Structures are given as structure tokens and as C-alpha cells.
Amino acid sequence: MTAASLELAAEGGRTLHSAIDADSPLSIQGMTVSYGEKPAVFSVDAAFPRESMAAIIGPNGAGKSTLLKAVLGIIPTLSGKVSVFGEPVEKARRRIAYVPQRASVDWDFPTRVIDVVMMGLYRELGLLHFETRRHRDMACDCLERVGMANFAHRQIGQLSGGQQQRVFLARALAQDADLYLLDEPFAGVDATTEKAIIHVLKGLKEENRTVVCVHHDLATVTEYFDRVLLINVRKVADGPVDTTFTAENLQTTYGGRLATAQIDQLQLSLA
Ligand SMILES: Nc1ncnc2c1ncn2[C@@H]1O[C@H](COP(=O)(O)OP(=O)(O)OP(=O)(O)O)[C@@H](O)[C@H]1O
Ligand SMILES: [Mg+2]
């Protein structure tokens, strides 16, 4: 497929799905992203309502991380419109906190944990980066919330993967954002850490913020999330978990890769 035909097809997608709430925390229309000839994300429309916790689900290579990066403007899109609380994403950037997929970050830079969290306070610190005792306390409080207060003075590179994940969540908390975009926050963390993270995320939702997570573990979708977006390059479905997280939609999203037995198991827990 050529870039021109991709754009044309994406244009069609936009007109097909136009009724998206203009003020929603995040709305994506006709998003198409391509790294080469084949699109990684094709003509995706999705909207995420306020005070919700949404999972983005799909197999490896489905375009989940690409979608988040395109939303943030980190990578270019072939077509698509993104609005955040009714504004173009460039204007609303300060209202968004993003925690990237762990493997994609260079963890070797020589920075202490507390300084990583302080980076999240850039809005408070201003251009001069003038730190006060209050800022340090705020950063410590965010570390406390993710159970990492005792590691404040360690080098980030000396932490385990799961501990680093929690520190980056603490940095996102320090940003005091309205929309949280997290790329697989539970990947490679132990059960206790997972519980701690979900507790923090549910707390954000209760504070009227919107949380969107790329998520891999199908068994916890119904327990953790109230909305779901299923994608495999194209959008398969999005909406409330109880009506959207269905065996049929999972089969379409994962194809032969998800064994029927596995879906049956989920169906049992869904019932
Ligand atoms: N920088 C890049 N250059 C070229 N191709 C890329 C690049 N990043 C991702 N891709 C390709 O785009 C597709 C989507 O990748 P993406 O990382 O968005 O998938 P994903 O759904 O997040 O997968 P995973 O579950 O493994 O994290 C894949 O086929 C991947 O190989
Ligand atoms: Mg990914």
C-alpha cells in the first residue's frame, strides 16, 4: 500500500466515524501511522470518557505503543486528529502524563530516583528549576504512594525493572496530570507491585482523572478496567468492558493466536 492510498483510506475512516465527544479527555479520529509500506496503525477512531480507566488490548505488534506515541506527537502520523479535553494535543500537553513501555527507555543515565521524580514537577519548578523543600516533599510523597520512598537516593540504573517502573509512575504522579497514558505498567512486576500500581491508578480515577493503559493480561481486564479498546492495526472495538470485552471481539483481535480454551476460560470469569 502506498502512502497516498493509506491517506485516502484513512480519510474514509474519518467520515465513517465522526460522532466523537468533542470534550472527551482523549479523542482520536482517523489515526494512521506507518513506519514503512505497511501501516502499524490504520484508521483508528477512539474516545475515552472522563473518570474512566481504559485498557488498550491487542497482540504483540498490534500498534498499541505506536498509537500512544502518535497521540503524544512523539512519532509522525500519516493522518489523524487527536484532541485532549477538546483542545489540540500540543495545547494540552501539560495535562498529560506518559509512562513509556519499559523496554523502550535507556535506564543507564546516572540520575537519582528523587531527581527522576522531580522531573515530573517541571510545571511547578518553572524555567529556573528552583527547588524548594516543598518540592522535595512532594516528590517524596509520590515515591511513598508507589512504595519507593526508601529508594529516593539510589541511582535509577541500580534498581530492578519493577522498581524502576514504580519510580516512573511516581514521576507521572508528580506531574499532577488529568490524563494518564501508561504503556504496560504491569509488565514484569510482581503481584505485590501490581496491586500497589492498580491501587494508585484506581485512586487517580477516583480523583476524576482519566487513565489509559496498554495492557497484556486478559485475565485482569474486567477487574481493573471499565473500558477497553481492542486493536490489531485496525480498531476491532471500543467501549465499556462488559459489552466490548467479548469472546468474539477477542477472537477478531487475536485471531488464531489466542486459543479457544483461553477465551473459554475468560468467558467463565466474565460470566
Ligand atoms: N521505530 C520503528 N520502526 C519500524 N517499525 C516499527 C518501529 N516501532 C514499531 N514498529 C513496528 O510497528 C508495529 C507496531 O509496533 P508497536 O510497538 O506499536 O506494537 P505493540 O502493539 O506495542 O506491541 P507489544 O505488545 O509487543 O508492545 C510492529 O510491527 C513493529 O515491529
Ligand atoms: Mg508496545
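Mentor: In this predicted model, a residue is buried under 20% relative accessible area, exposed over 50%, and partly exposed in between.

Trainee: Is Gln 101 buried, partly exposed or exposed?

Mentor: The relative accessibility of Gln 101 is 28%. Buried requires a value under 20% and exposed one over 50%, so Gln 101 counts as partly exposed.

Trainee: And which class does Ser 65 fall into?

Mentor: Ser 65 has a relative accessibility of 16%.

Trainee: Which element gives the largest share of the shell around ligand 1?

Mentor: The shell has 13 residues, with Asn 60, Gly 61, Lys 64, Ser 65 and Thr 66 coming nearest. It divides into four nonpolar, seven polar and two charged residues. The largest share, three residues, comes from helix 2.

Trainee: What percentage of the area of ligand 1 does the protein bury?

Mentor: A polar side-chain atom of Ser 65 lies 2.8 Å from an oxygen atom of ligand 1, and a backbone N or O atom of Gly 61 lies 2.9 Å from an oxygen atom of this ligand. A polar side-chain atom of Tyr 35 lies 3.4 Å from a nitrogen atom of ligand 1. Taken alone, ligand 1 exposes 630 Å², and the share of this that the protein buries is 57%.

Definitions and conventions. Residues numbered from 1 in each chain as written. Chains lettered and ligands numbered in written order. Predicted model: local features only at pLDDT ≥ 70, side-chain atom pairs only at ≥ 80, totals over all residues. Heavy atoms only, no water. Buried < 20%, exposed > 50% of the residue type's maximum accessible area, 1.4 Å probe, protein only. Near = heavy atom within 4 Å. Polar contact = N/O pair within 3.5 Å; in protein donor to acceptor, adjacent residues only side chain to side chain. Areas by Shrake-Rupley, 256 points an atom, 1.4 Å probe, with all protein chains shown as cover. Helix = DSSP H or I, 4+ residues; strand = E, 2+ residues; numbered from the N terminus. Nonpolar A, V, L, I, M, F, W, Y, C, P; charged D, E, K, R; others polar.
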